[in-house]
Amino acid sequence: MGCRTPKDGCSPQGQCGCCTVWVDGAPRVSCVTPVRRVAGRAVTTVDGLPADVRQAWVDAFVAAGASQCGFCTPGIVMRLAALANRPNRPPADEAAVRTALLAHLCRCTGWQTVVEAAGAVLGTDPGVGPGSVPGDEPAIPTAIPTATSPATSTATSTLGPARDPLLAAWRAQLEGPMFQSAGAGTVLGRAGFADDTAPPGAVVAVPDATGGLAVAGTLAEARRSSGKVQGRNSTVPLAHPVAPPPGDWVLSLQTTWVEPAYLEPDASWCVPGGRPASPLANGGAFGGKRRSPVPEAATALAGELGRPVRVLWSREDVVRRGPKRPPVAVGVRADGTGVLRVARSGSDDLEGLADRVARAAPGLAVELVDVPGPPTSADLRGAGWAEAAVVTAVLGALAGGHAGPGTPAEVTGPSGGRARVTVAEDGTVSAEVWAGEVLDPVTLRSYCVGAVHQALGWVRSEGIAVDPAGAVHDLTIRSFGILSARDTPHVDVTVHPSDRWPVNGSDAVFAATAAAAWLADGLPPAWPTRRGPAAGTGAAR
């Protein structure tokens, strides 16, 4: 029917929530709902919501910064909008909102801004917003503390003030780092994602079981002929493939394979003689799709077949073929010298990683270790550099005689952005960020909250099972260990504006949060620190 606002993030796993629609007013994950079950019933997408209802959700999400790339947002809006009309049930509160969001995954926002947007529309109370004063009742709790020297002031963004889309996009590109639009179209799933813009009648190509491409007239036909095997969770335990460097260290750390888990699968299309659509249409996927092979494949096939071609990866294809965060093993002495071993599998590109590590921790020698496994990439958020920054920040805390919950960790990023983060004993997170001229406080805050969410998952719960031969076994999106909305703590973000040229700030927040969480957890020598007993299932204690 040409309706592209429901998104395909994992079909037919039914685990990401991106394709959520209403069936007779109740939310359903459409990728696992057979068509025969909706015969004679009303199916509603975000486009079919009453105009005033749709606008209320758009305004709230834009004001709170509750959508970044926007791929998951239409499904989330449909799930939350259903909470407003629950017969014979009490009005939705924050707990109900977070429970509803358990059916969804979002990799960008860190959930808090989504909960705040829901609170604005549903009238729930998500707690005192960061920087707000108890007793105040702003239209949406997106107060953003800002600090000016020497006094501290508070700037509040509500549903009223308009945001400058150019400044919002500029800040998003610094944080992404890739162009990203913000506004009503993004909330409604109309950000121009590659597969949404493919011309009608384009043939479809998907990876097959032999490493090639299966080509057919429709996606269903292409997948049937590809020999696609449905993804499963694994009982294979998480592994730490890089052995610790020998030596007498005051601090050591091993990490595992981590899936970037961006929600939009790699996709591109091309017409003969044309330029391929970018898989980075509205966001950088944290570096995961920077070198995706799908545009090149679409270009080659379009030239070979003489007609438009769509190339599309499934969720399982993304997990098998997409780059992972390189596992590392680190040993550090009290003076900051030591060794950082980084996993390299196959011909993976780790160009520039050693230079970035040297800027964060000049005393660490970098060793690349060949191990069997999926592709790895230095393009992923802070790969190598963040690990070095974490151990450096922790060493600084230990040198000051501090450790445990409430210990602040401070990190300066490669671009000059700086962050100080504390993880309290009750789990709440306080983050301060210095990123030059703020440009758009809502966007900067949204990225910082998202960075906290990613870092907490990285330290405590995320990982995928890879066997000794290097094969990935965790192929479902729920097996990656991403923190749910219910398991994500409250985050306070304080932005310190300045007249300096704007720089990335959320990467420093990412590394500083990881260091603060590790300190709060007691510095166990292997991550994830809180993975449940059934390793590989994605459950977190």
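Visitor: What should I know about the model before I start?
Guide: It is predicted, so local features need pLDDT of at least 70 and side-chain atom pairs count only at pLDDT 80 or more, while totals for chains, interfaces and linings use all residues. Residues are numbered from 1 along each chain as its sequence is written, and side-chain values use heavy atoms, with hydrogens and water left out.

Visitor: How many helices and strands are there?
Guide: The protein has 13 helices and 17 strands. Both are DSSP runs numbered from the N terminus: helices are H or I with at least four residues, strands are E with at least two.

Visitor: What share of the residues is buried?
Guide: Of the 541 residues, 56% count as buried. Buried means under 20% relative accessible area, exposed means over 50%, and partly exposed is in between (1.4 Å probe, protein chains only).

Visitor: Which residues touch the most others in the largest nonpolar core?
Guide: Leu364, Val411, Val509, Trp518 and Trp527, out of 61 residues in that core. Helix α13 (residues 506–520) supplies the largest share, twelve residues. A nonpolar core here is a set of buried Ala, Val, Leu, Ile, Met, Phe, Trp, Tyr and Cys residues joined through side-chain atoms within 4.5 Å.

Visitor: And what does Val509 touch?
Guide: Leaving out residues up to four places away in sequence, Val509 touches Ala419, Val421, Ala431, Val433, Cys448, Ala451 and Val452. Contact means heavy atoms within 4.5 Å.

Visitor: Switching to α4: which of its residues are buried?
Guide: Gln112, Thr113, Val114, Val115, Glu116, Ala117, Ala118 and Gly119. That is eight of the eleven residues of α4 (residues 112–122), so the helix is largely enclosed by the rest of the structure. Gly123 follows α4 and has a positive phi, near 80 degrees.

Visitor: How many salt bridges are there?
Guide: The structure holds 25. The criterion is a side-chain nitrogen of Lys or Arg within 4 Å of a carboxyl oxygen of Asp or Glu. One of them joins Asp195 and Arg310, at 2.8 Å from N to O.

Visitor: Where do those two sit?
Guide: Asp195 is in the loop between α6 (184–187) and β6 (203–207), and Arg310 is in strand β10 (residues 309–312), so the pair ties together parts 115 residues apart in sequence.

Visitor: Is Asp195 buried or exposed?
Guide: Asp195 counts as buried, at 13% relative accessibility. Arg310 is buried too, with a relative accessible area of 14%.

Visitor: What about Arg344?
Guide: Arg344 forms a salt bridge with Asp370, with the closest N and O atoms 2.9 Å apart. Arg344 lies in strand β12 (residues 338–344) and Asp370 in strand β13 (residues 364–370), 26 residues apart. Arg344 is partly exposed at 25% relative accessibility, whereas Asp370 is exposed, with a relative accessible area of 55%.
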